[in-house]
Amino acid sequence: MSTSTTQSSRKKSIAKPDNSPLPGQAINARPMAGDLIYERILGSIMEHRLTPGTKLVEEKLAGIFGVNRTRVREVLARLSHEGLITTIPNRGAFVASPTPDEARAIFGARRLLEPALLRHLCEHTQPAHIAQLREHVAQEARARENNDRRAIIRLSGEFHIRIADMVGNPVMSKMMRELASLTCLIIVLYDSPTMPACAHDEHGRIIDAIAAGRAEDAVAAMIGHLHHIEEVLDMSAPPSEDEDLEAMLGMV
């Protein structure tokens with residue numbers, strides 16, 4: 001093999017990165033796609049690692065995820081559109097802190113949406129649906145046994161998203177996902193320290209009614225479940241101001 005051929009092969013073997021992460025801050029060898037960054041931030045909200053009022057600094061997020069600020073800005077715009085973050089001119093982006101009135105409006109929206117989902121699911125339910133929901137509740141039970149509060153909160157929210165996904169309407173699934181995420185913010189902001197917002201047996205009663213095809217019983221159980229969550233919240237609790245983004249995003 002000639003010298004020129006060897007040099008050409010060496011040049012081809014050197015891969016140039018698509019984006020250079022900020023020096024000393026990135027933890028990934030390859031930049032993360034926007035959807036993955038979105039899911040990581042959303043998951044951190046669902047698990048109460050990112051709390052209401054936390055400032056989301058573009059430069060810091062770019063360093064954490066190993067991407068440029070443009071990609072971070074796109075993700076923040078998506079989250080802002082869904083109401084999960086608030087952008088304040090000259091101050092930046094913050095995880096949303098729903099007011100008590102906004103919290104009540106979100107629960108009101110859920111009480112309109114979720115009965116419609118349940119009625120449809122009861123008419124079209126399949127054995128696989130019931131098996132999936134029961135396995136999900138079993139995961140919730142294991143999280144409670146392990147006293148894993150973050151997993152409990154995430155799984156509790158995902159239960160409602162699963163029901164929406166089973167209906168097969170992408171628009172309603174999107175609405176439910178956004179409402180569930182906002183509810184997680186509300187719970188971390190206003191949860192009473194002496195009482196959990198989600199009782200362990202309420203999801204099971206909803207599944208029993210779905211399995212039996214009793215749509216109105218399922219709706220009544222869901223309405224009662226949502227009322228119970230709202231009633232035990234303490235609307236006077238202040239938001240956390242912790243801003244350790246790497247820890248909150250589960251990156252350290």
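Helices here are DSSP runs of H or I with at least four residues, strands are runs of E with at least two, and both are numbered from the N terminus. Before going on, keep in mind that this is a predicted model, where local features need pLDDT of at least 70, side-chain atom pairs count only at pLDDT 80 or more, and totals for chains, interfaces and linings use all residues. Residues are numbered from 1 along each chain as its sequence is written, and side-chain values use heavy atoms, with hydrogens and water left out.

Is alanine 180 buried or exposed? Its relative accessible area is 1%, so alanine 180 is buried. (Buried means under 20% relative accessible area, exposed over 50%, and partly exposed in between, with a 1.4 Å probe and protein chains only.) If you skip the neighbours within four places in sequence, alanine 180 is in contact with Met46, Arg110, Gly157 and Ile161. Contact means heavy atoms within 4.5 Å.

Methionine 175 is also found in helix 8. With a relative accessible area of 40%, methionine 175 is partly exposed. Both residues have a partner that is some way off along the chain, as the table shows.

| Pair | Separation in sequence | C-alpha to C-alpha distance |
|---|---|---|
| Alanine 180 and glycine 157 | 23 residues | 5.5 Å |
| Methionine 175 and glutamate 82 | 93 residues | 9.1 Å |

**The cavity**

A search of the whole structure finds 1 cavity of 30 Å³ or more, and the largest cavity holds about 110 Å³ of space. A cavity is a set of points on a 1 Å grid over the protein atoms alone where a 1.4 Å probe fits but cannot get out, and lining residues have an atom within 4 Å of a point. Grid points are joined across faces, edges and corners, and the volume is the space filled by probe spheres set on the points.

Two strands pair if DSSP finds at least two bridges between them. Strand 2 is joined to strand 3 (residues 92-95) by 4 bridges, and isoleucine 88 stands opposite glycine 92 in strand 3. Strand 1 is joined to strand 3 by 2 bridges, with lysine 55 having phenylalanine 94 as its bridge partner. The hairpin of strand 2 and strand 3 has 3 residues between the strands, and asparagine 90 there takes a positive phi near 65 degrees.

**The whole protein**

Zooming out, the protein has 11 helices and 3 strands. Of its 252 residues, 43% count as buried.

Terms used: On a 1 Å grid over the protein atoms alone, a cavity is a set of points where a 1.4 Å probe fits but cannot get out, and a pocket is an open set with protein on both sides within 12 Å along at least five of seven lines; lining residues have an atom within 4 Å of a point.
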